[in-house]
Every structure is written in structure tokens, then in C-alpha cells.
Amino acid sequence: MNRNLVLLAIGAVAVIAVAAVVFANTGDRTAPAPDDPIHTDASVAVVYFSETGNTEDIAKKIAEAADCDLIRIVPEVEYTSADLNYNDSSNRTYVESHDPSARPGIANSMDLSRYDCIFLGYPIWYGDSPKIMWTFAETQDLAGKTVIPFCTSGSSGIGSSAAHLEALTDEGAWLDGKRFSGSASYDEVYSWVSDLLAGDAA
């Protein structure tokens with residue numbers, strides 16, 4: 001065989017071999033998963049109140065998506081199943097919701113000073129946030145923070161609940177909130193968080 005043809009054949013084999021190695025290393029590689037935690041330049045926390053677990057489930061998904069701290073608002077007196085019985089107009093949640101002066105105590109102290117952004121979550125009780133959230137709004141310093149409210153409910157939207165809380169604080173920059181069903185998927189939560197934090201993504 002002509003020497004030049006031999007060299008060409010060897011070169012072709014080498015190219016094919018290299019291409020095979022490259023394909024083997026990259027052919028099955030996928031792009032980073034769209035649900036990888038969102039890293040931001042801001043210090044973020046999810047602060048939430050939950051008694052039935054629905055809001056807690058969404059709060060955990062937000063914390064996972066944003067790769068941030070998770071802080072539960074703990075009532076001084078926990079709510080019983082009887083307190084949460086919507087069919088009984090004498091139950092605790094009904095009485096608190098309809099009493100403008102009701103401010104249930106919070107058992108745990110929270111130092112939110114190091115956070116720039118707070119996701120603030122709660123269920124909707126009788127068309128508004130639970131009165132313990134009003135206690136939170138009146139006792140926490142949210143000055144200089146971005147506050148992003150979210151709620152869970154079976155059917156009611158977030159309505160004016162966030163506006164009521166914002167009016168009680170007169171502090172912080174409050175963004176529009178979002179209502180989730182208790183069964184909202186992680187992908188739905190991630191998409192919302194991603195859109196909100198896109199500007200801070202590192």
C-alpha cells in the first residue's frame with residue numbers, strides 16, 4: 001500500500017477513536033436539572049405558620065428550591081383539631097379570625113436581622129391570614145427586607161391578606177403574593193421561586 005494512503009488510514013482511525021471517546025463521555029450527559037437549588041446573592045429565609053401541614057409542605061419546597069433557611073412560627077398555645085373545626089362557629093380559629101384585637105402569642109423568638117428576603121407563608125382562615133400572623137407583623141422588624149407572601153387554601157385566593165399584614169408593619173418592600181393548593185408540585189413552586197429570584201441568581 002502506498003505510504004501516504006497508510007498514513008491517511010491511520011489518521012482516520014485516530015479521529016474515529018477520539019470521536020468515540022468524546023461521545024462516550026458526553027453523549028449521555030444531560031444539562032443541569034432545572035430544579036437545582038437557586039443560589040442567590042441575598043440571604044433568604046422562609047418563615048411560615050402551619051397547623052395542618054399544607055403550608056409547611058409548600059414552605060419546605062420553597063426552602064429547598066431557594067436553598068435557604070426554614071423557620072416555623074410556633075404558637076404559644078398549639079391549635080387542636082377542635083380549634084380547627086370549620087363546622088363549629090365557636091371554635092378558636094373562628095373566634096380569633098373575627099376578633100380585630102386577637103393577637104395569639106408566638107412561642108419562639110426569631111432573629112431575622114441577617115436576612116434580606118423573607119418568604120412569608122400562612123394558611124387562609126375565614127378569608128384572611130390567621131391572627132398569629134398579625135402578631136408576627138406587629139412584632140418583627142422587616143425594615144429593609146423584601147417580603148414575599150404566599151398562602152395555602154382549598155379554594156380562596158390570597159386576597160387582601162398580604163395587604164393587611166403589610167399595613168401592620170409599614171416596613172419592608174412587599175411583593176405580590178401567591179396562593180398554592182396544599183398539593184402543589186415541587187416544579188410549580190420551583191418555577192415561581194426561580195422567577196422571583198432570577199435577578200439575584202449567582
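Biologist: Which residue lies over the face of Y79?

Modeller: R92 does, at 3.6 Å from the ring centre. A charge counts as over a ring if NZ of Lys or CZ of Arg is within 6 Å of the ring centre and within 35 degrees of the ring normal. K131 is also listed this way: its charged end sits over the ring of W134, 4.8 Å from the centre.

Biologist: What do these values rest on?

Modeller: This is a predicted model, where local features need pLDDT of at least 70, side-chain atom pairs count only at pLDDT 80 or more, and totals for chains, interfaces and linings use all residues. Residues are numbered from 1 along each chain as its sequence is written, and side-chain values use heavy atoms, leaving out hydrogens and water.

Biologist: Why is the pair of Y79 and W125 called edge-to-face?

Modeller: Rings of Phe, Tyr and Trp (its six-membered ring) pair if their centres lie within 6.5 Å; planes under 30 degrees apart are stacked, over 60 edge-to-face, the rest tilted. Here the centres are 5.3 Å apart and the planes stand at 70°, so the pair is edge-to-face.

Biologist: What makes this pair a tie between separate parts of the chain?

Modeller: Y79 lies in the loop between strand 2 and helix 3 (92–97), W125 in the loop between strand 3 and helix 4 (131–139), so the tied parts are 46 residues apart in sequence. Helices (H or I, at least four residues) and strands (E, at least two) are DSSP runs, numbered from the N terminus. Y79 and W125 are both buried (under 20% relative accessible area; exposed is over 50%, partly exposed in between; 1.4 Å probe, protein chains only).

Biologist: Which residues of helix 2 are buried?

Modeller: T55, I58, A59, K61, I62, A63, A65 and A66. Their cover includes strand 1, strand 2 and helix 6 (186–197).

Note on methods. Contact = heavy atoms within 4.5 Å.
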